[in-house]
Structures are given as C-alpha cells and as structure tokens.
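Reader: Before we discuss how the two parts of this protein meet, please show me the sequence and the model.
Author: Here they are.

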Amino acid sequence: MADLFSDYEFFRNKKYSALCQEELALVFGQNTYHLLTHSATGGLEMIAKAMDIRPGDEIIMPSFTFVSTANAFVSHGAIPVFADISISDFNLAFTEIEKKISEKTRAVVVTHYGGHSTNLDAIRQLCDAHQLIMIEDAAMAFGNSYNGQPLGTIGDMGVISFDITKQISAIQGGVLLVNTPDFMDRLDAIYHIGTNRTRFETQKVPYYEWVDTGSKYQMNELNAVALYDNLLNRAHILNKRKELSRIYFNELSSYADLILPEHKLQENIHLFYLLARSEEEREALRHHLSEKGIEAMFHYIPLHTSKMGKKFPSGTLPVTDHVSGSLLRLPLHTGMTEQDVVEVCDAVKRFYNGR
Ligand SMILES: *Cc1c(COP(=O)(O)O)cnc(C)c1O
C-alpha cells in the first residue's frame, strides 16, 4: 500500500484508466466514444449539459427508474414527463411514449430495467421521426445487447454504471457512451472541466484553455484499478450470475410470476425478481423471507409518487404503480453458492405452499 501511494507517476499517468479504456473498446466497438466517469449519475449530468437543456424542455422517461435519470435534466429546469412501462419487461411502453410527445419534447430516456431492453428499433425510429435525442440509461445493462448491438450504443448517448451495486464494478464509477459525433467535442470539454485539454494532448492546439462549462467528471484512478480487475474477470462474474439465475428460474417458475422469459436467461442478469399478485402478497413474502434471514428488496418508489416527482404533472401510470407495489428482488451476488439459491427458493416455495 505504502509503495502504491509513493508512486506519483502511477496515478499521474492514469495507467489503469487507459487499460480499462482498451477493454471497453472491445465491448463497445470503435465507433463509440467512451469517457470513464465517477458515476453513471455524472454521465447523465454531462448529457444534460451537452444538450443545453432550457427551462420548460420536456424529457420523456419512465417513472419506474432510479432518481439519477430525472435529476440530471430537472437540475437544468427540464420537466420530466413520466410515461408508463410495459408489463412484459418493465421498460417504457412504445405507445405510452408516443402519447407524451409534445412541441416541447427534447429527448426520450429509456432505462433498460434489470439490464434487459425492449424494442429499441421502434423507439429509435420514433425519436428520429420527431427529431428527439434518444438517451439510454443502461446503468444496469453492462454486457447486454439488442440485435447484436451493445446496449448503451443505440441511443445518441448512453450511460453504464460501475457502482458496487452493479454486476461489473469500479466500487464507484461509470462510463458515458457517445454514439453521435455532434456531441463529442462538447462532451469532451465538459468532461475536462470545460477545457479543450484533449485537443492539446493530441497536439491540435499549443495550449489548453477554458472553452465551455464543465466539471471533474473523470473516474478516480483508484476506482480504475478496481474496474480493470472486474473487467478482466467479467466472463466469470457474468457467468456465475447466469448460473445462479438459472437455478432460480428452474426452481420457481411454477410457483411465482417471474416475468423474465426463459430466453432472457442467456443475457447477463443484473437482478432476479418475481412479481407477486398484490402489494399485500409481496410484503407477506418479504417478511416471510426476512424471518429466515433472507433479504429481499422491492424496487423502486416510482418517481411520480415521490416527494420531488409529485411537483410535476404525470397523469396515471397504472402499470408502474402495480409493478412497484408487487416486485420483489431475490438475493443475487457472486458470493452466493448454488446451495444458497436453493435455500432461498425453498423458502419462497414454502410461502406459496401455505408455509
Ligand atoms: C444504478 C443506476 C444509476 C446510477 O448509477 P451510479 O453509477 O450509481 O451513478 C442510474 N440509473 C439507473 C437505472 C441505475 O440502476
């Protein structure tokens, strides 16, 4: 440890950030420009800045998502227009997006719930037809793709989280994926505290100076060390999660509504969840598991029903309300053994068999 901290050049040269970049280029391809950030939250804030959001601009997004999706835009005066999700995958429902488009709409943010996507071709076409920016909150979706294209690279811009709660982790971190050249120069300046540092480093200008607003969005080098380790081990980590999820699926599919279709088990699994028939049933199951020392969690308090979200008009979002009331996430992490998963499944079965 002391050796590490005495090595000034080690940190200054950002060797591990560069190594992570090389790995990420393998995952996301050469056409996508990626910036390692301190979080997906930071990446979304950069996107809002680059879009020059003005007060009153409308951004269509799910209510069934994490607060960061909305915060980035609302901080610049935008109005989050919450659209309902589909019961088949908990992602924005296409017809609900269509209904919410107005003269003031600037962008659609799609969240890939649990890391799984919906029909993104249709949403891409809708955005193009209305000249809207498409943003992917792919925070949960590292390593998954849609029609062979990595999630996060289909919208104009996307973010992926490497938080400790996600499958591939930097402890804290994220990556901003920029797929449309229009935004690259601005995002690059915003990323470098509002300077044209990249142009200086690539010897396009003799010095670097203040050219835009920005902040210190870069990933800390210590986090890059952690991320590089996880990226090198990604096949093992992702496979282990798939194997554990397969056990959940086989054991529980005849007991509870798992929502996830079997073919999705071939994708990377960020969360394994079931849908109870009601909030009462979900809470009863949660308590039943808790008594056995098993921590199962709900997801999310929908943004439109939260203290901040209520400040914006949303209309009714019946599917969002139903799903957030009934969804239960079962434990899933690489420290679990197959036997641990079987024990959770047995506890769930005992609940449905009348205990
Ligand atoms: C985790 C998550 C975020 C935030 O990611 P951070 O890296 O912790 O900032 C944003 N959106 C969604 C959908 C998430 O799941």
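Reader: How many salt bridges are counted between domain 1 and domain 2?
Author: The count is 1 salt bridge between domain 1 and domain 2. This is a predicted model, in which local features need pLDDT of at least 70 and side-chain atom pairs count only at pLDDT 80 or more, while totals for chains, interfaces and linings use all residues. Residues are numbered from 1 along each chain as its sequence is written, and side-chain values use heavy atoms, with hydrogens and water left out.

Reader: Why is the pairing of arginine 234 with glutamate 23 called a salt bridge?
Author: The term asks for a side-chain nitrogen of Lys or Arg within 4 Å of a carboxyl oxygen of Asp or Glu. The closest N and O atoms of arginine 234 and glutamate 23 are 2.9 Å apart, so the pair meets the definition.

Reader: What are the bounds of domain 1 and domain 2?
Author: The domain assignment, which is automatic or from a database, gives domain 1 as 2-231 and domain 2 as 234-352. Their C-alpha centres lie 26 Å apart.

Reader: How do you know that domain 1 and domain 2 are in contact?
Author: Contact means heavy atoms within 4.5 Å, and 36 residues of domain 1 are in contact with 32 residues of domain 2.

Reader: What makes up the area buried between domain 1 and domain 2?
Author: Buried area is the accessible area (1.4 Å probe) that two parts lose on being put together, summed over both. For domain 1 and domain 2 this comes to about 3000 Å², 64% of it on carbon and sulfur atoms.
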